[in-house]
Amino acid sequence: MFLKLFIADVKMIFRNRQSFFWALMFPLMFTFIFGFFFGNSSSAGNVAYLDNANNEISQSLRSTMDQSGLFKINDTYSSVDDIKSAVKNSKISAGIVVPKGYGQQFADSSTELKIIYDPGNATTNAVIVGFLDQYSTALNYKISNTKQIFSVVQEKISDKELNYFDFVLVGILGLALMNSSVIGISVSMSRYREDKILKRITTTPLKPWMFITAEVLSRLIVNVIQIVLILSIGIYFFNAHINGSIPILVLLSMIGAVLFQLIGFAIASFAKSTDAAQGMTTAITIPMMFLAGVFFPIDLLPSWLYMFVKYLPLAPLLRMIRGVALESLSPFDNPQNILIVVGWIVVALIISSYKFRLSDE
Amino acid sequence: MVKKVIEIKNLSKTYGKLKAVDDISFYVESGEIFGLLGENGAGKSTTLEMIEGLRKPTSGDIKILGKDIKHNVNFVKTKIGVQLQSTAYYQFLTLKEIIELFCSLYSKCIDPYRLLSLVDLKDKAKSYVGKLSGGQRQRFSIVAALVNDPEIVFLDEPTTGLDPLARRNLWKIIENIKLKGKTIILTTHYMEEAEILCDRIGIMDKGKILALDETNKLIEMAEYPFKISFVSSKHDGSNIKKLTKYGMVENVIGKKNQYILKIKNKSKLDEAVDFVRSIKPNYYTIGKATLEDVFIELTGKTIGDEN
């Protein structure tokens, strides 16, 4: 009985091509947009390498840069002017010119590397200058045979490589789960009520909880597809860094999806029509999209507002998923997040089980 | 002895101050088609939905197959098949899949193709409901009420909104269901439909049952069991006045020359026929009272799709 109902629900979700398409398309659009803006950003981009020295040292610099993974070396430019115009036209982000005789220990040989860059591109500049500076220093020590005495030790707050795209990718994941679950359930349940399908179901011996469980489980399949697509596009196209455990990430996402589906049921129990359900859904999801930290860290908000929005259902969920995905933390590292999510699940469950009825009475 | 499959005693349903169903009692016999006839808002659907277990009665008792519905809802649900008023079905399942799905919700099951051929929809088995015409959709919703091979079938306004041909088609289907030995309880606001289909009829108005009997006995209750309809282009007021001694004369609304003479008894009928013939009408017919006449007498109003 249950299996048949579940299979039928799955069939309907996939046959409702338009709504299925948008459940995937909407988050993927965001993934691509943010990916193009901020993805791959740990790399300083394409860097022209004009090697006028062409000796052991210049080649070792080139291969060191290449291996660092920070740059994509482009060897096709043959003059400084070419490089300048290419940087100007943003075809490459910077150019490095190695002077003739670089690295040779002759009094008259040139020792200065030339960096051609666009002052507007501060991140790239910092990366290239820093890299070359360190390389030159190391080279100096090696040639003068001295040992380095003072040095700087860098310590990041997280030893993982992270950037804004990684942050926002998890946000998009949460956004996708929230939108498709809240909208999916609230709209389809209201439509079922309008079409009297719910009432028709009540005339059969089917238990309401079975009906609801089949709905929830079938929709989790859509959520899994969303998670897989968003993560793989983020990772393979835009070099997102997911450091933590993928299974825990998926599990947390599923818990989130169930929470949002329950919110969908709660909306459907108040909405008198499909249109009303749509309106209520928008009123709940749009503010949450901005205030729960999908795109920006919410601790940037004024503290009185932050005190409030950090309890929105999506907010603790994103904190937990980000903790797992970006910093390999355990979701139990901050039990407050779990408490908030569980709290919302209980609230949504109580509202839906008291208010959501298949029949009118 | 007749077997009573449904027994209703002093059933009431109130919403705030509104008495949707007001202390009604009746029973339905096994194998009959029982009709609840009334206008929109008379309480027919509310009554039906209370019997189906979809609404809780404010007071009163409902027994189905001898069992009190309050304590045996699940047993009752396996024994009944329900067609709701203007239901849609799942958009993205084919007819066959919907039937299989509903089948799976019961322990008993009928082959989807056999069911669909009952209502001439076998070749639509792989279509979505959205691709069906209005009549086909109604036929489907009736057959969807038969998936569990129920003993009692509830049909709530099964022909509302259908064209005359589709309606007649549906009547045949309902007759066929009855021939399979099932008890049918239906609501309608079409007099003709109730008269043709139902073995017994309860006439409902404002939550109460005004009259309940076998269909022909109900019609015999009419104050004027006979009538002569005629068309006379001669505007002779005195002749029309003379007719009043045989019965009641009515001018057909909107038709200046058409009259109906309603007559109380057989002896007057013969005299009246002679008189009508003597005024040389363009056309005349002699007929019986219909259920509609009885209905109008009982409720004091006419009936239609709108109130």
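Me: How many salt bridges does the rule find across the interface of chain B and chain A?

Reply: A salt bridge is a side-chain nitrogen of Lys or Arg within 4 Å of a carboxyl oxygen of Asp or Glu. Across this interface the rule finds three. In one salt bridge, A:Lys11 joins B:Glu97, with the closest N and O atoms 3.0 Å apart. This is a predicted model: local features need pLDDT of at least 70, side-chain atom pairs count only at pLDDT 80 or more, and totals for chains, interfaces and linings use all residues. Residues are numbered from 1 along each chain as its sequence is written, chains are lettered from A in the order in which they are written, and side-chain values use heavy atoms, without hydrogens or water.

Me: What area do chain B and chain A bury between them?

Reply: The size of an interface is often given as the accessible area lost when the parts come together. Buried area is counted with a 1.4 Å probe and summed over both parts. Here it is about 2,700 Å², 59% of it on carbon and sulfur atoms. In chain B, B:Tyr90, B:Phe92 and B:Leu105 lose the most area to chain A, together 26% of what that side buries.

Me: Is B:Thr46 buried or exposed?

Reply: Buried means under 20% relative accessible area, exposed over 50%, partly exposed in between (1.4 Å probe, protein chains only). B:Thr46 counts as buried because its relative accessibility is 14%. Contact means heavy atoms within 4.5 Å. Beyond its neighbours within four places in sequence, B:Thr46 is in contact with B:Lys13, B:Tyr15, B:Ala20, B:Val21 and B:Arg55.

Conventions:
Buried area = accessible area lost by both parts, 1.4 Å probe.
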